[in-house]
Amino acid sequence: MIFSSVNLGTSVADSWLISRGGADTGIYQIILKGYINNFLVTGSILFGSGLMVVILIFYKFQNMKGKTI
């Protein structure tokens, strides 16, 4: 989502523009930047969450590896 945020944001903004039947270019630019930022934030949150899960799992496996049964 982070790397394709511009394409995704443009697609959603274009559909918004088509559904309204047109809009001023200034308003379109504001909507476009808003959608792109939404995808950037969502992608960053998902990436951060995934990275935290991987680090937590790695830490847990390292703790289990050190303990003998």
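Helix H1 takes in residues 5–20, and at 1.5 Å a residue its 16 residues should span 22 Å, which agrees with the 22 Å between its end C-alpha atoms. (Helices are DSSP runs of H or I, at least four residues, numbered from the N terminus; the expected span is 1.5 Å times one less than the number of residues.) Keep in mind that this is a predicted model, where local features need pLDDT of at least 70, side-chain atom pairs count only at pLDDT 80 or more, and totals for chains, interfaces and linings use all residues. Residues are numbered from 1 along each chain as its sequence is written, and side-chain values use heavy atoms, with hydrogens and water left out.

- Ser-5, Gly-9, Ala-13 and Trp-16 are the buried residues of H1 (buried is under 20% relative accessible area, exposed over 50%, partly exposed in between, with a 1.4 Å probe and protein chains only).
- They sit on the same side of H1, because they cover an arc of only 55 degrees around the axis (the arc is that of the directions from the helix axis to the C-beta atoms).
- Over on the other side of H1, you'll find Asn-7 and Ile-18 exposed.

**Before H1**
- Met-1 belongs to the segment before H1 and is partly exposed, at 40% relative accessible area.
- Leaving out residues up to four places away in sequence, Met-1 touches Phe-39, Thr-42, Gly-43 and Leu-46 (contact means heavy atoms within 4.5 Å).
- Met-1 and Gly-48 are 47 residues apart along the chain, with 12 Å between their C-alpha atoms.
- Phe-3 is also in the segment before H1, and is exposed at 85% relative accessible area.

Key: Helix = DSSP H or I, 4+ residues; strand = E, 2+ residues; numbered from the N terminus.
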